[in-house]
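Open the model in your viewer and keep the selection tool at hand. The tour moves from the whole chain to single side chains.

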Amino acid sequence: MMRIWMGFLAAALAAGVHATDIEAGKKKATEVCAACHGVDGNSQSADFPRIAGQHADYMRKALRDYKSGARKDPVMSGFANQLSAEDIENVSA
């Protein structure tokens with residue numbers, strides 16, 4: 001059993017898995033995302049989508065896609081390009 005656990009731990013470390021910091025994500029979302037998407041993710045403007053209630057996996061993929069250029073939007077790409085991988089994990093959580 002110990003070998004299985006150690007193997008899992010080694011694989012997780014090799015993949016760059018880290019603990020998500022939800023408080024850091026909230027702080028970043030308040031500083032950056034809230035201006036367009038609303039403090040609680042419920043934008044009051046039809047120009048910006050409501051993101052409240054989205055699954056973390058969806059948010060991670062969307063932000064990564066904006067950052068890589070796989071998803072096109074000049075405003076979101078600009079914001080996503082400023083996020084580190086850790087920021088994306090934290091904000092998505």
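Helices (H or I, at least four residues) and strands (E, at least two) are DSSP runs, numbered from the N terminus. Colour the chain by these elements: from the N terminus on they run α-α-α-α-α. That comes to five helices and zero strands.

Some ground rules. This is a predicted model, where local features need pLDDT of at least 70, side-chain atom pairs count only at pLDDT 80 or more, and totals for chains, interfaces and linings use all residues. Residues are numbered from 1 along each chain as its sequence is written, and side-chain values use heavy atoms, with hydrogens and water left out.

**Whole chain.** Buried means under 20% relative accessible area, exposed over 50%, partly exposed in between (1.4 Å probe, protein chains only). Of the 93 residues, 25% count as buried. Now turn to contacts, meaning heavy atoms within 4.5 Å. Among contacts with a separation of 6 or more, 47% join residues 24 or more positions apart.

**Helix 2 against helix 5.** Select residues 22-37, which form helix 2. Axes are lines fitted to C-alpha atoms, for helices over the stretch in contact, and angles run from 0 to 180 degrees between N-to-C directions. The two axes come within 7 Å and cross at roughly 95 degrees. The helices are therefore roughly perpendicular to each other (65 to 115 degrees; under 35 is roughly parallel, over 145 roughly antiparallel, the rest oblique).

Show side chains here. Ala24, Gly25, Lys28 and Cys33 of helix 2 meet Asp87, Asn90 and Val91 of helix 5. These residues divide into three nonpolar, two polar and two charged. Ala, Val, Leu, Ile, Met, Phe, Trp, Tyr, Cys and Pro count as nonpolar, Asp, Glu, Lys and Arg as charged, and the others, Gly among them, as polar.

**The cysteines.** A disulfide is a pair of cysteine sulfur atoms within 2.5 Å. The sulfur of cysteine 33 lies 8.9 Å from its closest cysteine sulfur, in cysteine 36, too far for a bond. The disulfide count is zero. Cysteine 33 is partly exposed at 23%, and cysteine 36 is partly exposed at 22%.

**Serine 92.** Buried or exposed? Serine 92 is buried, with a relative accessible area of 6%. Beyond residues up to four places away in sequence, serine 92 touches Ala56, Met59, Arg60 and Leu63.
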